[in-house]
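Hi,

Here is the structure I promised to pass on. Have a look first, and my notes on its interfaces follow below.

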Amino acid sequence: MTIESAQAGFMSRHRTMIMVLSLALFLPPLAFIFQISTGGIDFCGTWCPRMFYAIRNGAGIKEVVGGIMRAYMGVTLVGAAVVSTFFLGRYWCSHLCPIGGAGELGSRLVPDKLKIDYSSIPAAPIRYGYMGVYVAAPLLGLGSLCCNYCNFAAVPRLFGAAFVQADLAYFFRAYGVINLALFILLAVVAKGGRAYCNFLCPVGALDALSSLLGMKFGNRMNVVEHRCNGCGKCIDVCPTWAISMDATAKIDQLSCMPCRQCEKACPEGAICYGKTT
Amino acid sequence: MNGKTLIIFIVSVAFFTLAATYRFHDSAHAMGMIKQGGGVARHPALLDKDRDSYVLIATAAVVPPYHGNARVVLEGDPTLTATFHNSEPVVDIGIHRHPTFRDNTYFDLRPRDRVALWVKIKRGPVTVRQHTPVVAQQKQAVRGTEPVCTQCESEGGNMTAKSSADAGSKWRGKKVGSQGVKGPAVAFYDVATNGPLLRIPIQFADGAGGGDDDH
C-alpha cells in the first residue's frame, strides 16, 4: 500500500474551532444557517436530514417525492455530506455536524473517570441493525424510529430550552427524556463523545457506507504499516473505536471519521490522511 | 461476518424493532392545514387516557388565500388544561418574517406560513358530561372561550350555517370521531370572523403501544 502523505491541514489544526463555529451556526440561540436560508429555526421541516428515507407503508412515488421536496435542504445537506465523504472521508461527521460536535465538545467537559467506554461493543452491527429497522419499520407499517428518537431534534432543543418554552416542552414527555438520556449516555459521558454517532445516527450510517465505498477513490486515514510499532496510542484516542491492532494498527473505514486524533497521537508518524492506492 | 457480529446485529434489529413498534402515548404529533372554512389534520392525536399530562405538537401550513390572526383553543370533553408555546427563533435576526404568537393567538398569518405549536395538556379536576362541546380552561388569557362561528362548513361542505353556536357545534360534530362524540381537540379560529381554520382531534387510547400513527 502506498500512501500520499498529507500535512496536518487547516481542518486538522482547527477542528475544535470548526466544531464550535458549527454549533454557533446551526444551533440556538442564533441558528443562523436556518434563519438566513429558509427562515426555519432548526433541523425539523425543510432541513430535516432524516425523514426523507423513512418511507411509510403504502406511500407512492408522489408521497416519496413530496417528502423529498418538503425537506429539500435536508436532502441537499445529506447528499453533499455523502458525496464529499466519498472523496474526502467523513468530514461532515468529524468536523461539521453540530449534533456530533455538541456531544464531543460536551464530553470534553466531563472528567475522564466519569466517562463510559463503549469500545468493547462492535459499532457496525448495531449501527446497521438500527439503520435496517429505521428504513424497514415504516415501510412494513410497524412503526418508526424517525422523529421519536431523533438526535437532530433533541440537541437543538436542548440548546434552545433555556430560552424558548416550546423547546423546553420537548423534554416534558417520554421521548424527550429518552432522547436526553441517550445524548447524555452516548455522547456527553461517552469516552470520545461519539458513541451516539457510531451507534444511532442514520446520517452517520449513510456517511459511513459512502466512506467504505469510496475508500479506493478518495482520501482516508491510513496506516503506514512499516512505521507502526503497535504501541496502541492511536486506539486510546480514537473516538469511534475504529482502530484495531494486529501486528500493526488497522483502521475500519466504516467507522473512521477523520478527526485525526490518531495522527496526532502516533509517535512514529505512522498514521496520516491521504489517498490510498 | 463472524458469529459475534451476527448475534449483535440480530439483537440490535430485535431491540430497535421493539423501539419502533412501541409508542409512548404521553405525546403526539399532528400535522394539519390552516385553511379558511376549516382545514383538516392528517390524523388525530392519539394519547394514553391514563396519564395526567401530555404534550401535543401541532404543525400546520397556512393554505392560500387565508391570512389573518388565528386564535388557538383546546376544546371539548373531557375538561383539559392547556398551555400553548409557539416554536420560534431564540434570536430572530429578521431576515424572514415569522408570525408572532401571544395570548394564544397567532398574529399576521400569511399564505404558506408554517407554524409549530407545542401544547402542554393537563387533565382537569373533573370530567364534564359527554356530548357537550366545552372549551377547556386556558392558563393564558384568551379572547372568549366558546368559539363562535359565523360561517362554518356544513355536512355537505357548503357554507350555510348561520347560527353561530349551531355552526360551531355542527362543524365540531362533523370532525370528531366516527361515533359523533365531541372529544377534545386543538382548534384554530380566525379572530375576525370566528370561522374555523383547523381542528386537530385528540383521541384517548387505553394504553401505550402501537407505533403506526406518525413519525
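Chain A splits into domain 1 (14–213) and domain 2 (219–275), with bounds from an automatic or database domain assignment. This is a predicted model, where local features need pLDDT of at least 70, side-chain atom pairs count only at pLDDT 80 or more, and totals for chains, interfaces and linings use all residues. Residues are numbered from 1 along each chain as its sequence is written, chains are lettered from A and ligands numbered from 1 in the order in which they are written, and side-chain values use heavy atoms, leaving out hydrogens and water.

The C-alpha centres of the two domains of chain A lie 25 Å apart. Their contact (heavy atoms within 4.5 Å) involves 32 residues of domain 1 and 16 residues of domain 2. Together they bury about 1,800 Å², 53% of it on carbon and sulfur atoms; buried area is the accessible area (1.4 Å probe) lost by two parts on being put together, summed over both.

What about chain A and chain B? Here 46 residues of chain A meet 39 residues of chain B. The buried area is about 3,600 Å², with 65% from carbon and sulfur atoms. Between these chains there are zero salt bridges (a side-chain nitrogen of Lys or Arg within 4 Å of a carboxyl oxygen of Asp or Glu). The domain 1 and domain 2 interface of chain A also has zero salt bridges.

Happy to talk it through!

Best wishes
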